[in-house]
Amino acid sequence: MIDPAMEPRELFSQSLLSRPGKEPGTPVWPVFVAYAAVFTGTLILGTILLIAGMAALIVQDPSLARNEQAMGRVIEEFAHSPWALIGSVLISSAALIAVPLVVLRLRRKQVRQSLRLDRLHVSSRAPFFATTGLLGLGQLPESFWALMGWSPGGVLETMPKVIQSANWSGRICLILVIGPVAGFAEELFFRGFMQTSLRDRWRPWIAVGITAIAFGLLHLDAVQSVFAVFAGVLLGWVTELTSSIRPAITAHAVSNSIGTAAAAIFPAPWSSVAHLWLLVLSLLFAAASIAVLARLPREARESALPGP
């Protein structure tokens, strides 16, 4: 836990460079086995979902089985459909929640404490500023690519199209699934289970870094994975700062929800002027939020001092 008596300039070393609280006989290999299980399990279950969708389409139209070109086109459309996206997110979220719970149960660990689900150790404003910081950080790559006139491709390009292709009931489902569901599941596994477990054996900054990289790799997209690593570092630092994953869960869920809702309501492309304003505002939001977060432990110390 962060010492509230620390000055802001000392917070980085206190939160990320402090020595690990090693627990005798606590190996780290189950963490990486759990990550591999989530990674491979998500791919396998996603493939099963795709095969099930193909089978359903063939049942509806048996002629597809005799026309490879038409079948390929239908498979492509299904793979990029809103309901396929919802199914894949639910599958990965279920794996991200189930695997750490099983591991902790097998190791006879206390779930709430092991996942750092307890209350905050600093100001209750931490979730708000973690959210504004992540929102600012999340808009930076999209606006940067747009201003440079580059096409990011991959998820950043296809995701808005998938969202906009859904009807309004589908869009609401996407907001709920990509926002609260995925945000909770990913933070429970990565910051709650993986980072906390690695922190018990290694220095916090190593645990934050490795967890952020693993978080990025799980997204399986070159551009989005790079952003996810930076987002993972921010969320990991906030978790160390507060000794709780609650701010990270809130920030992740709200940021995903707002991003999905924006794609559903405001179709791209936006003008260069709009992206320039968004880029400037995003930088200001991210910088200001990080600065405020760094001061929260000191403010907690000052508020605890007796009055004159």
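Modeller: A nonpolar core is a set of buried Ala, Val, Leu, Ile, Met, Phe, Trp, Tyr and Cys residues joined through side-chain atoms within 4.5 Å, where buried means under 20% relative accessible area, exposed over 50%, and partly exposed in between, with a 1.4 Å probe and protein chains only. This is a predicted model, in which local features need pLDDT of at least 70 and side-chain atom pairs count only at pLDDT 80 or more, while totals for chains, interfaces and linings use all residues. Residues are numbered from 1 along each chain as its sequence is written, and side-chain values use heavy atoms, with hydrogens and water left out.

Colleague: Which residues have the most contacts inside the largest nonpolar core?

Modeller: That core has 25 residues, and those with the most contacts inside it are Tyr35, Leu96, Phe189, Phe190, Phe193 and Met194. At least two residues each come from helix 2 (29–60), helix 4 (82–106), helix 8 (168–199) and helix 9 (204–218), helices being DSSP runs of H or I with at least four residues, numbered from the N terminus. Helix 8 gives the largest share, seven residues.

Colleague: Why is Gly183 called buried?

Modeller: Gly183 has a relative accessible area of 0%, so Gly183 counts as buried. Gly183 is found in helix 8, and, leaving aside its neighbours within four places in sequence, it is in contact (heavy atoms within 4.5 Å) with Ile178, His252, Ala253 and Asn256.

Colleague: What makes Ser257 buried or exposed?

Modeller: The relative accessibility of Ser257 is 17%, and therefore Ser257 is classed as buried. Ser257 lies in helix 11 (residues 246–265), and a polar atom of its side chain is 2.8 Å from the backbone oxygen of Ala253. Not counting residues up to four places away in sequence, Ser257 touches Ile175, Gly179 and Pro180.

Colleague: And why is Leu276 called partly exposed?

Modeller: Because its relative accessible area is 46%, Leu276 is placed in the partly exposed class. Leu276 lies in helix 12, and it belongs to a nonpolar patch on the surface together with Leu147, Val273, Trp277, Val280, Leu281, Leu284 and Phe285.

Colleague: Where does the largest share of that nonpolar patch come from?

Modeller: Seven residues of the patch, its largest share, come from helix 12 (residues 272–304).

Technical notes: A polar contact is a pair of N or O atoms within 3.5 Å; within protein, one must be able to donate a hydrogen and the other to accept it, and residues adjacent in sequence count only if both atoms are side-chain atoms. Patches are made of residues with over 30% relative accessible area and no salt bridge: like charges are joined within 9 Å, nonpolar side chains (Val, Leu, Ile, Met, Phe, Trp, Tyr) within 5 Å. Accessible areas come from the Shrake-Rupley method with a 1.4 Å probe; for residues, only the protein chains shown count as cover. A salt bridge is a side-chain nitrogen of Lys or Arg within 4 Å of a carboxyl oxygen of Asp or Glu.
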